[in-house]
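Q: Hi! Could you walk me through some helix packing here?

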Amino acid sequence: MKKRKWMIPILLLVIGGLIYVGYLHVNIVNSANQDIVRDADYVIILGARVKGTTPSLSLQYRIDAAAEYLKENEHTIAIASGGQGTGEDISEAEAIKTELIKHGISEARILLENQSTSTNENIQFSKRLISDDMKTGLLVTNDYHVFRATMIANDYGLNLEGIPAKTPTIAIPKSYIREYMALTKYYLLKYTPF
């Protein structure tokens, strides 16, 4: 009898957890499948790990997605965002810039934000580079990250949509699990009144 008493709360907790993860996943997928505005004034490319001077595959996918948009929208300015972390010989922003130039994007179109160490700081510090005449913007990151990154941008008064870059296949399970946890932390910090 005692065993049955504990089963109902555990079962409800499991069902509630599955519903919550389902809610997060639907929002993540929907955010990565929005129509992308053309001729944006700027795109913020969020940094990710650099190995020495070589972008990780996640970052390379972000750079490739940004370069494709920048080639099709020749007046859009790129804001390369990301500081230098452990094991990185250059900042993530510098790695983004170097790769964009290899894609044929003019250096004159690339602004650097090379101090940030998190998504929150990427947005906060990049906002300082956005001039008053730059009205429409986009955010480039991996598909699983668009939902949270655009919500953080909104917290800083930037109404941005995302350009979703691919996520490396090998990293999909880990990336999504980490993102579910990061979203939970985001909601707790935003909505807990203490």
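Q: At what angle do helix H5 and helix H6 pack?
A: Helix H5 (residues 146-155) and helix H6 (residues 172-191) pack at about 25°, and their axes are 10 Å apart. This is a predicted model, where local features need pLDDT of at least 70, side-chain atom pairs count only at pLDDT 80 or more, and totals for chains, interfaces and linings use all residues. Residues are numbered from 1 along each chain as its sequence is written, and side-chain values use heavy atoms, leaving out hydrogens and water.

Q: So how are H5 and H6 oriented to each other?
A: They are therefore roughly parallel (angles under 35 degrees count as such).

Q: Which residues make the contact?
A: On H5, Phe147, Arg148, Met151, Ile152 and Asp155; on H6, Glu179, Ala182, Leu183, Tyr186, Tyr187 and Lys190. Contact means heavy atoms within 4.5 Å.

Q: And by class?
A: The contact of H5 with H6 has seven nonpolar, no polar and four charged residues.

Q: Switching over, how do H4 and H5 pack?
A: Helix H4 (residues 119-127) packs with H5 at an angle of about 45°, with the axes 9 Å apart.

Notes. Axes are lines fitted to C-alpha atoms, for helices over the stretch in contact, and angles run from 0 to 180 degrees between N-to-C directions. Helices (H or I, at least four residues) and strands (E, at least two) are DSSP runs, numbered from the N terminus. Angles under 35 degrees count as roughly parallel, over 145 as roughly antiparallel, 65 to 115 as roughly perpendicular and the rest as oblique. Ala, Val, Leu, Ile, Met, Phe, Trp, Tyr, Cys and Pro count as nonpolar, Asp, Glu, Lys and Arg as charged, and the others, Gly among them, as polar.
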